[in-house]
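Have a go at each task before reading its solution.

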Amino acid sequence: MGVPGVAGTNGDPPYFGAPAFYLTDLGVAGDGAGEAYQIMPTAMAGTAGTVAVVESTYEVAQGVVNRGGL
């Protein structure tokens with residue numbers, strides 16, 4: 001991935017590390033209706049000290065939903 005105006009090896013920006021994300025299965029959700037997952041993406045800019053972390057929790061429930069399609 002190249003960024004115009006940013007020098008880096010092979011035209012890549014000089015990031016300290018590649019972006020990543022982590023998924024954690026937290027088990028049964030608090031309401032008992034689905035499975036809870038924690039999603040934590042991370043990214044580093046030019047140094048190890050410039051880290052961005054966003055943490056979210058989602059619930060995935062099984063079921064059949066008729067949306068009036070076919």
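**Exercise 1: Around Glu55**

Task: find which residues Glu55 is in contact with, leaving aside its neighbours within four places in sequence.

Solution. Step 1: with contact taken as heavy atoms within 4.5 Å, Glu55 touches Gln38, Ile39 and Met40. This is a predicted model, where local features need pLDDT of at least 70, side-chain atom pairs count only at pLDDT 80 or more, and totals for chains, interfaces and linings use all residues. Residues are numbered from 1 along each chain as its sequence is written, and side-chain values use heavy atoms, leaving out hydrogens and water.

Step 1: look at Gln38, 17 residues away from Glu55 along the chain; their C-alpha atoms are separated by 7.2 Å.

Step 2: the side chains of Glu55 and Gln38 make a polar contact at 2.8 Å (a pair of N or O atoms within 3.5 Å; within protein, one must be able to donate a hydrogen and the other to accept it, and residues adjacent in sequence count only if both atoms are side-chain atoms).

**Exercise 2: Exposure**

Task: decide whether Glu55 is buried or exposed.

Solution. Step 1: the classes are buried under 20% relative accessible area, exposed over 50%, and partly exposed in between (1.4 Å probe, protein chains only).

Step 1: Glu55 counts as exposed because its relative accessibility is 52%.

Step 2: for Val53, the value is 47%, so Val53 counts as partly exposed.
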